[in-house]
Amino acid sequence: MAESAVSPAEGVNPAPLRIPVRQVVPWAVFAAVLGLVLIYFVGAEQGATSLFSGTWVHEFTHDGRHLLGFPCH
């Protein structure tokens, strides 16, 4: 039986994928800001640092607060 024509050469390693940092940094900053905003709304909104009046933000994030361990009552 003959060897396959598409078999890889022995001892050849593929080059690692290079991702430029300049392309990753804006997405990392965006993800960090979005995460901080979400943590604020789940953990602190409707408290002493409330940005919105009423209780709708508290009620919308109520179960998330309990899941993440934030006290709310």
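Mentor: Before we start, helices (H or I, at least four residues) and strands (E, at least two) are DSSP runs, numbered from the N terminus. This is a predicted model, where local features need pLDDT of at least 70, side-chain atom pairs count only at pLDDT 80 or more, and totals for chains, interfaces and linings use all residues. Residues are numbered from 1 along each chain as its sequence is written, and side-chain values use heavy atoms, with hydrogens and water left out.

Trainee: Okay, which helix does G43 lie in?

Mentor: The protein has 3 helices and 0 strands, and from the N terminus on they run α-α-α. One of them covers residues 21-43. G43 lies in helix α1.

Trainee: Is G43 buried, partly exposed or exposed?

Mentor: Buried means under 20% relative accessible area, exposed over 50%, and partly exposed in between (1.4 Å probe, protein chains only). G43 has a relative accessible area of 22%, so this glycine counts as partly exposed.

Trainee: Which residues does G43 touch, leaving out those up to four places away in sequence?

Mentor: Contact means heavy atoms within 4.5 Å. As for spacing, G43 and G69 are 26 residues apart in sequence and 9.0 Å apart in space, C-alpha to C-alpha. The residues that G43 touches are R65 and F70.

Trainee: How are the rings of W27 and F30 arranged as a pair?

Mentor: Rings of Phe, Tyr and Trp (its six-membered ring) pair if their centres lie within 6.5 Å; planes under 30 degrees apart count as stacked, over 60 as edge-to-face and the rest as tilted. The structure holds 1 aromatic pair. With the centres of W27 and F30 6.3 Å apart and their planes at 90 degrees, the pair is edge-to-face.

Trainee: Why are W27 and F30 separated by about one helical turn?

Mentor: Both sit in helix α1. The separation is about one turn because, along that helix, W27 and F30 are apart by 3 residues.

Trainee: Is W27 buried or exposed, then?

Mentor: Its relative accessibility is 62%. W27 therefore counts as exposed.

Trainee: Last one: which element has the highest mean pLDDT?

Mentor: pLDDT is the predictor's confidence in each residue, from 0 to 100. The protein's mean is 80, and 79% of its residues reach 70 or more. Among the elements, helix α2 (residues 56-60) has the lowest mean, 78, while the highest, 91, belongs to α1.
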